[in-house]
Amino acid sequence: GDILTDEAGAITGGVGLAASGNINPDRVYPSMFEPIHGSAPDIAGKQLADPIATIASVVLLLDHLGLGAEARRVEAAIDQDMAARAAAAAEGAPFARSTGEVGDAVAAIVRRG
């Protein structure tokens, strides 16, 4: 399963944007939600990692917990942030942000609703 999720992520735009969930459907044991990419120790502590896949994993978690409305708010915030990235790229504008800046931007969108 891990190999397939990595391949699917790469095909659809990059493993840095793909979320995953290891779900126990019987809810007897905990389920785990995480991005599909690796830990990237070479950039640890440098604020270079894109947190979108981690935030998208929260969407899966919220859905799993039955919090669909909350999941849709977070999902819409991700979509809005990604649209801003695409618009900047289309204009040739640099859009490099730190890990914290991306997280803060998505959190601000969620708060605005």
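Predicted model: local features only at pLDDT ≥ 70, side-chain atom pairs only at ≥ 80, totals over all residues.
View 1. The axes of H3 (residues 68-90) and H4 (residues 99-112) approach within 9 Å and cross at roughly 125°. H3 is therefore oblique to H4, since angles under 35 degrees count as roughly parallel, over 145 as roughly antiparallel, 65 to 115 as roughly perpendicular and the rest as oblique. Axes are lines fitted to C-alpha atoms, with angles running from 0 to 180 degrees between N-to-C directions. Helices are DSSP runs of at least four residues, and strands of at least two.

**View 2. Residues where H3 meets H4.** Contact means heavy atoms within 4.5 Å. From H3 come Arg73, Val74, Ala77, Gln80, Asp81 and Arg85, and from H4 come Val102, Ala105, Val106, Ile109, Val110, Arg111 and Arg112. Seven of these residues are nonpolar, one is polar and five are charged. Ala77 touches Val106, Ile109 and Val110, leaving out residues up to four places away in sequence.

**View 3. The largest nonpolar core has 12 residues.** Such a core joins buried residues (under 20% relative accessible area) through side-chain atoms within 4.5 Å. Its members include Ile52, Leu62, Ala77 and Ile109. H2 (52-64) gives the largest share, five residues.

**View 4. Ser31 lies in the loop between strands E1 (19-22) and E2 (32-35).** Ser31 touches Asn22, Ile23, Asn24 and His64, leaving out residues up to four places away in sequence. The C-alpha atoms of Ser31 and Gly21 are 7.2 Å apart.

Residues are numbered from 1 along each chain, and side-chain values use heavy atoms, without hydrogens or water. Local features need pLDDT of at least 70, side-chain atom pairs count only at pLDDT 80 or more, and totals for chains, interfaces and linings use all residues.

Terms used. Nonpolar A, V, L, I, M, F, W, Y, C, P; charged D, E, K, R; others polar. Buried < 20%, exposed > 50% of the residue type's maximum accessible area, 1.4 Å probe, protein only.
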